[in-house]
Amino acid sequence: MSPGLAMAAMALRLTLQDAAPLDVFAAELAAGPTATVVLQRRCGSDVPVRAEVDRALSVSPDAEQRAKLKVGADATLGYRRVRLVCGDRLLSVAENWFVPDRLTPEMQRTLAETDRPYGAVIAALSPRRVPLASLRLWDGEGPAPEAVLRIDALVETGEGVPLALVSETYQRDVLETR
């Protein structure tokens with residue numbers, strides 16, 4: 001690492017150390033390839049992040065969502081509404097519309113049959129998040145409410161192919177680190 005890059009990284013760490021916990025989390029999320037990676041770091045290596053999937057719920061995407069995913073009106077999309085948890089801590093409630101045809105058959109099966117988070121399932125595709133919208137639900141003053149941050153993002157492959165559209169509402173427990 002060059003001396004200039006090392007100094008910039010150190011300055012960023014110092015800035016983040018002084019920032020409010022929600023700002024630190026938002027910065028980690030913006031820099032991470034998937035929410036799952038960031039949440040797993042916060043959860044620690046001893047307890048996996050788990051997706052509690054509501055398999056009875058299905059929400060059809062609208063035309064704008066299909067356009068962001070670059071699919072036509074006749075394309076089949078998958079949907080998952082999940083609660084991402086670490087042990088007994090609720091970290092996030094999320095909706096995920098995804099394009100099954102852009103995933104391997106094994107990835108599709110894993111999403112349909114297990115509690116693995118989407119980001120963990122698609123890790124082999126070198127995903128990256130493209131932020132679309134962010135809304136702070138807490139100003140950092142006083143006790144944190146149940147929901148503290150809402151993020152909408154597009155998840156793409158490393159080559160820029162849209163995989164999923166996510167809408168995530170992060171809960172106050174995400175501010176606790178191990």
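This is a predicted model: local features need pLDDT of at least 70, side-chain atom pairs count only at pLDDT 80 or more; totals for chains, interfaces and linings use all residues.
In helix H2, Pro 21, Val 24, Phe 25, Glu 28 and Leu 29 are in contact with Ala 35, Val 38, Leu 39 and Arg 42 of helix H3, contact meaning heavy atoms within 4.5 Å. Of the residues in this contact, 7 are nonpolar, none is polar and 2 are charged. Here Ala, Val, Leu, Ile, Met, Phe, Trp, Tyr, Cys and Pro count as nonpolar, Asp, Glu, Lys and Arg as charged, and the others, Gly among them, as polar.

Residues are numbered from 1 along each chain as its sequence is written, and side-chain values use heavy atoms, without hydrogens and water.

Let us turn to helix H5, residues 105-113. Which of its residues are buried? They are Met 107, Thr 110 and Leu 111, where buried means under 20% relative accessible area and exposed over 50% (1.4 Å probe, protein chains only). These three lie on the same side of H5, because they cover an arc of only 95° around the axis, taken from the directions from the helix axis to the C-beta atoms. On the other side, Pro 105 and Glu 113 are exposed. The cover over the buried residues includes strands S2 (78-86) and S3 (89-98) and helix H6 (118-121).

Finally, the sheet. Its 6 strands are open and antiparallel, in the order S1-S2-S3-S6-S5-S4; two strands pair if DSSP finds at least two bridges between them. S1 (49-53) and S4 (128-136) are the edge strands. Between S1 and S2 there are 5 bridges, and Arg 50 has Val 85 in S2 as its bridge partner.

How values were computed:
Helices (H or I, at least four residues) and strands (E, at least two) are DSSP runs, numbered from the N terminus.
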